[in-house]
Amino acid sequence: DLWDPARVVGGTNVGTTMVLECELQSAAPAGSDQGIWRYDDGTASNRLEVYVPAGTSNVVLRRVIDGAVSSVTLGSYAPGVPFRVVIAATSSQLIATVSGGDLVTMATGGTFTPARALAGQITTDGLTPMWGWLRGVLHYPLAKPNLVLLQLADTSISLAVLIAEGNA
């Protein structure tokens, strides 16, 4: 539902918010990205991805609409330490952060109808595996305010509490 056109740019236009809780065991290897999450329409032309570029510990949000690519670095992580990626989508922008990071924005740039979600990689050929765990995925059926996005990224608040108090 994060990239559902009816929620992002449709008549209701309330947006959506997604939380991914991860733990990666190392930086991405020198020759390979680590994929965390990908929504796409079954093609490479329309997709929303969270990944770690080769040779780094940086978490990047990449959006591709009709082949036009835009990406922003959300922050970094420490290997072996749980962290969260939080993304809110509205008709005009994506607002995202990673635990301990600042809020980063990117233009929505349009939308597409997702056909699949890939967890733990961003390609279908198995060449971008996640070296760690995706511990939880939460979805909120509206775009949460900026302060709440930062609170959702705080790993001292358990997923159980977020679910109980936030209707995820």
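Is E21 buried or exposed? In this predicted model, E21 counts as buried because its relative accessibility is 9%, which is under the 20% limit for that class. The points below follow the salt bridges, which come to seven in the count, and then turn to the residue S99, whose side chain lies 2.7 Å from the backbone nitrogen of R84.

**E21 and R84**
- E21 and R84 form a salt bridge, and their closest N and O atoms are 2.6 Å apart.
- This pair links distant parts of the chain, since E21 belongs to strand β1 (residues 16-24) and R84 to strand β6 (residues 83-89), 63 residues apart.
- R84 is buried as well, because its relative accessible area is 1%.

**R135 and E23**
- A salt bridge also joins R135 to E23, with 2.2 Å between the closest N and O atoms.
- Because R135 lies in strand β10 (residues 132-140) and E23 in strand β1, the pair ties together parts that are 112 residues apart in sequence.
- R135 is partly exposed at 46% relative accessible area, whereas E23 is buried at 9% relative accessibility.

- The side chains of R116 and D40 meet in a salt bridge with an N to O distance of 2.7 Å.
- D40 is buried, with a relative accessible area of 0%, while R116 counts as partly exposed at 29%.
- Both residues belong to a network of salt bridges that also includes R38, R47, E49 and R62.

**S99**
- S99 sits in the loop between β7 (93-98) and β8 (104-107), and it counts as buried because its relative accessibility is 17%.
- Leaving aside residues up to four places away in sequence, S99 touches F83, R84, A153 and T155.

Methods
Residues numbered from 1 in each chain as written. Predicted model: local features only at pLDDT ≥ 70, side-chain atom pairs only at ≥ 80, totals over all residues. Heavy atoms only, no water. Helix = DSSP H or I, 4+ residues; strand = E, 2+ residues; numbered from the N terminus. Buried < 20%, exposed > 50% of the residue type's maximum accessible area, 1.4 Å probe, protein only. Polar contact = N/O pair within 3.5 Å; in protein donor to acceptor, adjacent residues only side chain to side chain. Contact = heavy atoms within 4.5 Å. Salt bridge = Lys/Arg side-chain N within 4 Å of Asp/Glu carboxyl O.
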